[in-house]
Amino acid sequence: MYAHRTGDPLSDADLDRELSALVAVDPSPEFLALVRLRIGRETAPSRWSRAWVFAIAGTCAMVMAASMVMAQMDHPPSQLVAGLAAGVPSMTPAPLAFAAAVARGRRDSRGQRPTPEMRAVMNANAEATAALRRHLEEKNYSALASDAETYRQNFAYLEVFWSSRRVDGAVEISRAGLLAAASLAAAARARDDGALETAIAAIIGSCGACHRHYREELPDGSYEIRL
Amino acid sequence: MHERADRLAGGFVGVDGELEREFEARLVESSTLAFRVAYSVLRQREDAEDVAQEAFAKAYRNFRQLRDRTRFRAWLARMTWRLAIDRYRATNRRKALELNAESCEAGPSSAEAIAVRERAERLWQAIDMLPEKFRMVIVLASIEGHEVAEVASLLGIPKGTVKSRLFAARQRLKEQLQCTRTEPATR
């Protein structure tokens, strides 16, 4: 830190230098990886929350019912009541069925405790992710190639794991991860930092997508696989 | 190969994949800012990292709602500041704040190192005595050498306001430091 001489008036420049030195503290090397892991545990930001789905479905049903009433205003009351009785039930199921399907989709998904192999693969991926950014900053291309190999093996395992359970979406993500791992290996061989950044983003995107769609955190902090 | 990987990941994830990549880019460019903002309030590396992580997690959850993505750093800086203040108040650790760990770790405990550490401690104390609006401006201006316009953008206030707050903050800091410097001489 810059230290000015005692007795001298403190200038703005001196003060600014001292202040800059004071806050020039860098986070630990694993900070970014820890942020990514934390984000990986987050629920995906959803465009359609369940409450919104039901609210919109309810609004649609009300609008349709109201328009039906308006359309039949010229008819005698008996016809109006009969029309409502016949029409409303036949119309409301469409939007409500959509909302129910969204809710049912969640209910129908089965949870399964991860196998020891799956846990080992996830831990290995987490360790590789924690090291990835550091290796990139250090320009340690051989370590990055080694990380790529770890990912390749792990995504290959995941592809088989999900294929055997016929979870097509997760299979697709695993394949995207495999391709990203291959890109990472190629970029490490070519010592191409820009391509490395792209490949790392693709790997992290794959991990995050799979966690959001196929992983469920339990109240005790452990995880279940969502099938 | 990259294109294929991106396409495949994007093909399944769609807009989420795009957002994911955009967020990753923002994360890389803003991680030091978030950490330093938190550190300037908490003065503890572990706490600062934890709060910065929390800020990023919150930013991630709400990233879709951020209409102007160029405002990400400002949004994140303000969020981190608030979270750090909340953490600070909740744990009430002001008295337990320790000296900048960097200076402790960096050099030997020579007389010069001790003097630098004491100087840093006095400066932090002076910063702590500033009203929050001044503190935020002076800290943000000191982080990564932000110019007045950048601080104004980060805080969403006019440049003139930043200038006047910076001026006032510097004056107060100088007065505080001047007082503490002259104390030994008056003994």
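Leaving aside its neighbours within four places in sequence, with which residues is A:Leu178 in contact? In this predicted model, A:Leu178 is in contact with A:Arg152, A:Phe155, A:Ala156 and A:Glu159, once the neighbours within four places in sequence are set aside. The residue itself lies in helix H8 of chain A, which covers residues 168–190. Is A:Leu178 buried or exposed? A:Leu178 counts as buried because 22 other C-beta atoms lie within 10 Å, where the cut-off for a buried residue is 20 or more. Another residue of chain A, A:Glu149, stands 29 residues away from A:Leu178 along the chain, and the C-alpha atoms of the two are separated by 9.9 Å.

Turning to chain B, the model shows 9 helices and 0 strands, and the pattern read along the sequence is α-α-α-α-α-α-α-α-α. Chain B has 187 residues, of which 40% are buried. Among the contacts in chain B with a separation of 6 or more, 59% are between residues 24 or more positions apart.

Two packed helices are described by the angle between their axes and the distance between the axes. The table lists the two partners and the residues that each brings to the contact.

| H7(B) | 132–142 | B:Met136, B:Val137, B:Leu140, B:Ala141 |
| H8(B) | 148–155 | B:Val151, B:Leu154, B:Leu155 |

Helices H7 and H8 of chain B pack at an angle of about 125°, and their axes are 9 Å apart. That angle makes H7(B) oblique to H8(B), and the crossing of the two helices is right-handed. The contact is made by residues including B:Leu140 of H7(B) and B:Val151 of H8(B), and by class it has 7 nonpolar, no polar and no charged residues.

In soluble globular proteins, nonpolar side chains tend to be buried together. The largest nonpolar core in this model has 52 residues, and those that touch the most other members are B:Ala34, B:Ala38, B:Phe56, B:Val137 and B:Leu140. Helix H2 of chain B, residues 15–42, gives the largest share of this core, with 10 residues. Apart from this core lies another, of 33 residues, which has A:Ala128, A:Leu179, A:Ala201 and A:Ile203 among its members.

B:Leu140 links these topics. Not counting residues up to four places away in sequence, B:Leu140 touches B:Ala77, B:His146, B:Val151, B:Leu154 and B:Leu155.

Terms used
Residues are numbered from 1 along each chain as its sequence is written. Chains are lettered from A and ligands numbered from 1 in the order in which they are written. This is a predicted model: local features need pLDDT of at least 70, side-chain atom pairs count only at pLDDT 80 or more; totals for chains, interfaces and linings use all residues. Helices (H or I, at least four residues) and strands (E, at least two) are DSSP runs, numbered from the N terminus. A residue is buried if 20 or more other C-beta atoms lie within 10 Å of its own, exposed if 12 or fewer, and partly exposed in between; C-beta atoms are placed from the backbone. Two residues are in contact if their C-beta atoms, placed from the backbone, lie within 7 Å. Axes are lines fitted to C-alpha atoms, for helices over the stretch in contact, and angles run from 0 to 180 degrees between N-to-C directions. Angles under 35 degrees count as roughly parallel, over 145 as roughly antiparallel, 65 to 115 as roughly perpendicular and the rest as oblique. A crossing is left-handed if the near helix is turned anticlockwise from the far one by less than a right angle, and right-handed if clockwise. Ala, Val, Leu, Ile, Met, Phe, Trp, Tyr, Cys and Pro count as nonpolar, Asp, Glu, Lys and Arg as charged, and the others, Gly among them, as polar. A nonpolar core is a set of buried Ala, Val, Leu, Ile, Met, Phe, Trp, Tyr and Cys residues joined through C-beta atoms within 7 Å.
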